[in-house]
Amino acid sequence: MTALAVVAAVIAAACFAVGGILQHRAVAAEAVPGPSARSTGAARLGAGGFVALLRRPGWLLGLALAGAGATLHALALVVAPVSVIQPVGVLAVPIAVLLVARATGTRPSAAVGAAVGLAVGGVAGFVALAAGSAVSGAADPTTLALAGAGVGTVVLALAAVAARATSPIVRCLACAAGGATAFGLVSALVRALAERVAAGAAVLDVAGLAGAIVVALLAGGWLVQQAFAAGPAELVVATLTVVDPVVAVGLGVALLGEGAATGPPAALGMAGCAVVAAVGVLALARHHPDALRRREQARTDHHDDRLVRSGRS
């Protein structure tokens, strides 16, 4: 069953990658400039933009693929520990990079390839260490509620950072990280819900968990669409597939007891792998062609401003 769950997670990763690219294209067409009139102003998706997306077949197809991926991912979580299944989604990163490169007729640079390698390698090491000591467990409702409140606070903080950001890359990373944090909570809650149902929990308990999952999904989905509006699809997918598993595994260890057999060396190794994966995402944000283009445009605008001021003086 665990092997089948991993296969389902791999297919889900492909669905997430393709769905993310399709959604990004549609969102980019509906996004509007941010508060700054300069080229560095981060784009945003307003209420009208969300409504317009409902009329775009590409976005709807991307949403359907994301939904299919989420369903497969949830089914995998029902039969296998969070710390084994969740990080498999990192395969969406190279898939997204290759698909975008093929669509644009460009070849990823060595820096982009190295960044993707760091992200994939970091999460691969993370899941290998986690899978070696993962065990199933359960959490009580009070602990889950406290964890939900803590994760909600983190998501709101990242949303506040995104709201104040004028840099597209900063806004993209903040929104994607906020969405990934919410989705990480969803993964832990889905696993907890499966444990509750298997144990014959009360209907009210099950309904409460289901409601929390819906709220986290809506919050995460809104932030991810804002991330698509502000930055490239590959960066959003990379952030999601790195932050999401780290949060989910952390919650699995803290709430579900999946790390009961994890010793200090493995824990330190997991932390190191998480740092490597995060460095990979930051490197991708810096060396992505879209980021390079924006920096070049910013330098051009700055140079033009200096010429204008010199002419006036």
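What pLDDT does the chain average, and what share of the residues score at least 70?

**View 1. Confidence along the chain.** This is a predicted model, and the chain averages a pLDDT of 78, with 80% of the residues scoring at least 70. Over residues 36–40, though, the pLDDT is below 50. That stretch still has 12 contacts in the model beyond near neighbours in sequence. Where pLDDT is low, the predicted coordinates should not be read in detail.

**View 2. Helix H1 crossing helix H9.** Two packed helices are described by the angle between their axes and the distance between the axes. Here the pair is H1 (residues 2–30) and H9 (residues 203–230), whose axes come within 8 Å and cross at roughly 65°. Angles of 65 to 115 degrees count as roughly perpendicular, so H1 and H9 get that label. As for handedness, the crossing of H1 and H9 is right-handed.

**View 3. Who touches whom between H1 and H9.** From H1, the contact takes in Gly20, Gln23, His24 and Val27. H9 answers with Gln225, Phe228 and Ala229.

**View 4. A closer look at glutamine 23.** Glutamine 23 sits in helix H1. Is glutamine 23 buried or exposed? Its relative accessible area is 5%, and buried means under 20%, so glutamine 23 is buried. Leaving out residues up to four places away in sequence, glutamine 23 touches Trp59, Gly62, Leu63, Ala66, Gln225 and Phe228.

Conventions: Residues are numbered from 1 along each chain as its sequence is written. This is a predicted model: local features need pLDDT of at least 70, side-chain atom pairs count only at pLDDT 80 or more; totals for chains, interfaces and linings use all residues. Side-chain values use heavy atoms; hydrogens and water are left out. pLDDT is the predictor's confidence in each residue, from 0 to 100. Contact means heavy atoms within 4.5 Å. Axes are lines fitted to C-alpha atoms, for helices over the stretch in contact, and angles run from 0 to 180 degrees between N-to-C directions. Helices (H or I, at least four residues) and strands (E, at least two) are DSSP runs, numbered from the N terminus. Angles under 35 degrees count as roughly parallel, over 145 as roughly antiparallel, 65 to 115 as roughly perpendicular and the rest as oblique. A crossing is left-handed if the near helix is turned anticlockwise from the far one by less than a right angle, and right-handed if clockwise. Buried means under 20% relative accessible area, exposed over 50%, partly exposed in between (1.4 Å probe, protein chains only).
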